[in-house]
Protein chains: 2
Amino acid sequence: MRTFQQVSPLRTYLREIRREGKIIGLVPTMGALHEGHLSLFRRARNDCDLVIGTVFVNPTQFGPNEDLDAYPRNLPKDMQLAAQEHVDALFVPTVEEMYPNGFQTTVHAGSLSADLEGKHRPGHFDGVVTVVAKLFNIVQADRAYFGQKDYQQFLVIDQMARDLNMPLDVVMLPTVREASGLALSSRNAYLQPDEKEAALVLYRALEASREAVAAGERSSATLEALLRQTLLSCHGVKVDYAVVRHPDTLEPLESLEDTSAAALLAVRVGRTRLLDNTLLTPPGVQPPRPMGHRTT
Amino acid sequence: MRTFQQVSPLRTYLREIRREGKIIGLVPTMGALHEGHLSLFRRARNDCDLVIGTVFVNPTQFGPNEDLDAYPRNLPKDMQLAAQEHVDALFVPTVEEMYPNGFQTTVHAGSLSADLEGKHRPGHFDGVVTVVAKLFNIVQADRAYFGQKDYQQFLVIDQMARDLNMPLDVVMLPTVREASGLALSSRNAYLQPDEKEAALVLYRALEASREAVAAGERSSATLEALLRQTLLSCHGVKVDYAVVRHPDTLEPLESLEDTSAAALLAVRVGRTRLLDNTLLTPPGVQPPRPMGHRTT
């Protein structure tokens with residue numbers, strides 16, 4: 001596996017590969033790789049001729065009181081895991097390489113980013129779409145892979161790629177979970193044993209909402225009450241949001257009579273903020289639009 | 001010459017050409033083509049294997065009280081002129097094709113856009129960099145050509161391309177002028193005969209600043225006073241700005257002892273707003289950094 005810290009040699013390496021007509025798959029990460037990331041590498045390996053991973057803890061998507069400094073970093077381990085998944089090259093830029101002196105142009109996410117994570121983390125999605133636009137342009141990938149765990153992030157990035165006519169497909173893959181149901185996240189490393197136990201309530205709440213829909217419940221308000229009630233049944237869990245929204249627009253929904261939906265959770269367990277989500281598709285209703293888009 | 005109104009068939013056309021390894025040159029325009037645009041087509045024709053022109057009067061770069069509706073449009077003439085310059089394909093999208101329902105992601109220009117045109121036309125440069133980013137991504141050109149007449153626009157676009165790691169060179173070509181010295185502009189069509197005569201004062205002011213520098217003047221304040229005095233000597237001319245700035249950063253300069261500079265004018269003649277500029281390079285001083293950048 002090749003590793004690159006600078007844009008220029010990576011471009012040189014990729015130019016030759018592109019000339020050969022190879023399909024390039026990109027997996028952007030912030031490192032601290034876990035099975036969720038590895039599932040993205042595997043899918044990219046399966047779909048593409050060349051797989052590029054990136055490891056970059058992007059400072060511009062962290063707020064001033066967030067966990068930028070504490071965010072787990074383990075590059076040697078990340079390199080080992082990526083190599084084991086037959087990633088062809090890992091791009092590991094410095095902050096200065098990504099944001100050199102004089103850097104000033106940013107990408108701004110729109111209405112999809114206004115609520116939920118965007119509301120709790122002002123500026124977060126602008127940081128995300130700016131760095132992802134840069135990575136898309138650096139690698140000029142044919143496909144880029146993201147996990148469903150960050151569902152709103154996926155929608156915002158997919159919309160960015162379409163709005164700016166970026167010539168690649170943005171692909172979402174299912175959340176990878178521990179046997180317990182806990183969604184894998186690099187931030188799970190922050191959890192104390194008792195907190196990790198408490199964190200299982202996110203999955204239980206999502207399961208409860210799925211079961212309610214299967215049993216005929218169609219009211220978003222009732223489903224949201226169920227999510228919140230399940231979460232709050234667990235001592236020490238604070239709810240940032242627990243909502244049922246339109247799966248494409250994230251706008252509030254009255255009912256799931258005629259539409260599928262996304263149940264989206266953000267909770268704090270101790271000092272750790274955790275996200276999870278599930279799609280809710282009542283029988284006979286159209287599932288959410290196929291994720292990813294094809295522009296090439 | 002091929003013409004395309006939609007992104008998808010243009011991409012199909014370009015994909016095959018890119019596979020052949022051809023160098024693609026892009027000349028983005030708002031139409032109402034004049035010799036300035038034609039000089040860009042000619043340079044692209046000379047430098048590249050394939051030349052793509054675009055004609056799109058981008059509504060998002062016009063302010064609410066500006067001349068969007070009045071902006072001159074003459075597509076049949078533009079097509080004829082582009083064909084005469086052996087442009088391979090013209091992309092002429094509708095507003096709906098560029099900004100479909102749900103469009104929401106924008107590019108924001110930074111500090112280079114804050115003053116001068118950015119101050120007089122709030123939001124203008126965000127509209128420019130957003131549409132140019134889209135056009136760059138649609139065409140995936142190797143080089144894009146812009147005129148020096150819109151000097152700040154060139155700097156803002158070049159910075160955008162570098163900040164977002166876009167894999168193309170942005171090239172600036174000299175302003176084309178009438179024999180009288182008047183810089184060609186689609187907006188010159190608004191000028192009445194007496195206004196066109198008055199508009200010559202922009203060139204006279206720039207010439208006066210160049211002559212002063214050649215005669216040894218190095219004070220920006222003195223040069224700015226000279227620009228303003230020359231402009232205001234002409235009845236009916238209103239000055240939006242007449243400044244001498246750093247040629248790369250557009251920041252104010254004390255002196256041209258150790259640096260070249262850009263003299264930048266924006267004036268109103270009747271109801272028409274006109275821009276012009278010149279570079280000022282004292283003998284023995286480094287000329288402005290080579291325009292355009294190479295990332296590919």
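**Figure 1. Surroundings of B:Leu265 in a predicted model.** Leaving out residues up to four places away in sequence, B:Leu265 touches B:Leu202, B:Ala205, B:Leu206, B:Leu227, B:Ala242, B:Leu275, B:Asp276 and B:Asn277; two residues are in contact if their C-beta atoms, placed from the backbone, lie within 7 Å. The largest nonpolar core has 162 residues, and A:Val129, A:Leu265, B:Val129 and B:Leu265 touch the most other members. Such a core is a set of buried Ala, Val, Leu, Ile, Met, Phe, Trp, Tyr and Cys residues joined through C-beta atoms within 7 Å. Buried means 20 or more other C-beta atoms within 10 Å of the residue's own, exposed means 12 or fewer, and partly exposed lies in between. In this predicted model, local features need pLDDT of at least 70 and side-chain atom pairs count only at pLDDT 80 or more, while totals for chains, interfaces and linings use all residues. Residues are numbered from 1 along each chain as its sequence is written, and chains are lettered from A and ligands numbered from 1 in the order in which they are written.

**Figure 2. The sheet E8-E9-E10 of chain B.** Three strands form an open sheet in the order E8-E9-E10 (chain B), with antiparallel pairing. Its edge strands are E8 (237-245) and E10 (272-280) of chain B, each pairing on one side only. On average, neighbouring strands of the sheet are turned by 10° against each other, direction ignored. Eight bridges join E8(B) to strand E9 (residues 261-269) of chain B in the antiparallel sense, and B:Val243 has B:Leu264 in E9(B) as its bridge partner. Helix H9 (residues 220-232) of chain B packs on the sheet and touches E8 and E9 of chain B, its direction making about 160° with that of E8(B). Helices (H or I, at least four residues) and strands (E, at least two) are DSSP runs, numbered from the N terminus; strands pair if DSSP finds at least two bridges between them. Axes are lines fitted to C-alpha atoms, for helices over the stretch in contact, and angles run from 0 to 180 degrees between N-to-C directions.

**Figure 3. Contact between chains A and B.** On chain B, 26 residues are in contact with 26 residues of chain A. Helices H1 (7-19), H6 (124-139) and H7 (151-163) and strand E5 (106-108) of chain B each give two or more residues to this side. H6(B) gives the most, with five residues. Strand E5 (residues 106-108) of chain A pairs with E5(B) in the antiparallel sense over three bridges, and A:Val107 has B:Val107 as its bridge partner.

**Figure 4. The rotation axis.** Chain B is superposed on chain A by a rotation of 180° with 0.0 Å of shift along its axis (RMSD 0.0 Å), which is the relation of a two-fold axis. The superposition is by least squares on the C-alpha atoms of residues with pLDDT of at least 70 in both copies. B:Val107 comes closest to the axis of the residues of chain B, at 2.2 Å (C-alpha). The copies meet through the same surface, because 100% of the interface residues of chain B are also interface residues in chain A.

**Figure 5. B:Phe4 in strand E1.** B:Phe4 lies in strand E1 (residues 2-4) of chain B. It counts as buried because it has 21 C-beta neighbours inside 10 Å. Residues up to four places away in sequence aside, B:Phe4 touches B:Pro9, B:Leu10, B:Ala89 and B:Phe91.
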